[in-house]
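Visitor: I would like to learn how to read the local features of a model with some care. Could you take me through them one at a time?

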Amino acid sequence: MRVLYSLILYLITPLVLARLLLRSRANPDYRHRWGERLGWSPRLPDRPRLWVHAVSVGEVAAAAALVAGLRWRFPGHAILMTTTTPTGSAEVIRRFGNSVEHCYLPYDLPDGVARFLARARPERLLVMETELWPNLYRACARRGIPVMVVNARLSARSARGYARIRPLVRQTLAQVSGIAARGEEDARRFLALGARPDQVRVSGNVKYDLTLSDDLIRAAATLRAQVSERPVWIAASTHAGEDEQVLAAHRHLLSRWPGALLILVPRHPERFEAVA
């Protein structure tokens, strides 16, 4: 199944790159650094290295406490952070600056993964939330690089999708050293997909370990004071097509609560202007 999976990936790679071009119409950053997506990452200095993968903005924010813990426990190691989206990349730079190394995660093509690992030479990989990549995990196992899925979550919908390719998922999970699940339900779903009981433990949600800065707390207090006693609701992380529904609902609410305030937060920053 992994061979068939790899063949399909090679066949659809031109379509994936075409999609990047389409997305670059809204966010020009999507047309840059394609080499990294195929494993041609910058060559990194020869030093001990821990690798943290966080898909996009939310995962990067959640990884902040983890990165701080790794720095404390492994002071002599570099920390490499990979993302898959330009917004995630920008968040790494904004949040960590030059204190971490950064590039895009390559697509899960066998040759691209091999190139990346030869250039990065990580000692271990920690994957935030749910990213199961058969070729990447197999390549890490063959090189003796432990892989751990951290803050692991698996919704019922995702579990049903993975269940359709259970043999490939079970084979991929067999390459994982440990799965730190956010909750009991997540742990049970990983076990149902083929993870071994000794691999899985429930460790809670690392997003609750985030420490808010004094500036952010003050800004929140100021905003709350400006809002006063108005009823507030938040529509967060919306996608195209959902904003119209949210605005229609808000118009309905205003007929009953004229002072109601909607805070509308599109998931992708490139949509901010259009939504406004």
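Guide: What follows is a walk through surface, core, rings, charges and backbone angles.

Guide: This is a predicted model, in which local features need pLDDT of at least 70 and side-chain atom pairs count only at pLDDT 80 or more, while totals for chains, interfaces and linings use all residues. Residues are numbered from 1 along each chain as its sequence is written, and side-chain values use heavy atoms, with hydrogens and water left out.

Visitor: Which residues form a nonpolar patch on the surface?

Guide: A patch is built from residues with over 30% relative accessible area and no salt bridge, where like charges are joined within 9 Å and nonpolar side chains (Val, Leu, Ile, Met, Phe, Trp, Tyr) within 5 Å. The areas come from the Shrake-Rupley method with a 1.4 Å probe, and for residues only the protein chains shown count as cover. In this model the nonpolar patch consists of Leu4, Leu7, Ile8, Leu11, Ile12 and Leu15, which together have about 590 Å² of accessible area. Leu4 belongs to helix 1 (residues 2–23), helices (H or I, at least four residues) and strands (E, at least two) being DSSP runs numbered from the N terminus. Buried means under 20% relative accessible area, exposed over 50%, and partly exposed in between (1.4 Å probe, protein chains only); Leu4 is exposed because its relative accessible area is 53%. Leu21 also lies in helix 1, and with 45% relative accessibility it counts as partly exposed.

Visitor: Which residues of helix 5 are buried, and what covers them?

Guide: Cover is read from contacts, a contact being heavy atoms within 4.5 Å. In helix 5 (residues 86–96) the buried residues are Pro86, Thr87, Gly88, Ser89, Glu91, Val92 and Phe96. Their cover includes helix 2 (34–37), helix 3 (57–62), helix 4 (64–73), strand 2 (78–83) and strand 3 (101–104). Val92 and Leu21 are 71 residues apart in sequence, and their C-alpha atoms are 23 Å apart in space. Just after helix 5 comes Gly97, with a positive phi of about 55 degrees.

Visitor: How many aromatic pairs does a search of the whole structure find?

Guide: Rings of Phe, Tyr and Trp (its six-membered ring) pair if their centres lie within 6.5 Å; planes under 30 degrees apart count as stacked, over 60 as edge-to-face and the rest as tilted. The search of the whole structure finds 1 aromatic pair. The ring centres of Trp51 and Phe116 are 4.9 Å apart with planes at 55 degrees, so the pair is tilted. Because Trp51 lies in strand 1 (residues 49–53) and Phe116 in helix 6 (residues 110–120), the pair ties together parts that are 65 residues apart in sequence. Both Trp51 and Phe116 are buried.

Visitor: Which residues lie over the face of Tyr104?

Guide: A charge sits over a ring if NZ of Lys or CZ of Arg is within 6 Å of the ring centre and within 35 degrees of the ring normal. Arg33 lies over the face of Tyr104 at 4.0 Å from the ring centre, and Arg37 lies over that face at 4.1 Å.

Visitor: How many salt bridges does a search of the whole structure find?

Guide: A salt bridge is a side-chain nitrogen of Lys or Arg within 4 Å of a carboxyl oxygen of Asp or Glu, and the search finds 14 of them. In one of these, Glu101 meets Arg49 at 2.6 Å, N to O. This pair links distant parts of the chain, with Glu101 in strand 3 and Arg49 in strand 1, 52 residues apart. Glu101 counts as buried at 15% relative accessibility, and Arg49 is buried at 0%. Glu91 and Arg94 form another salt bridge, at 2.8 Å; they are 3 residues apart in helix 5, and therefore separated by about one helical turn. Here Glu91 is buried, at 11%, whereas Arg94 is exposed, at 58%.

Visitor: Where is Arg33 placed, and what is its phi?

Guide: Most residues other than glycine have a negative phi. Arg33, in the loop between helix 1 and helix 2, has a positive phi of about 60 degrees although it is not a glycine. Arg121, in the loop between helix 6 and strand 4 (124–128), likewise has a positive phi, near 50 degrees.
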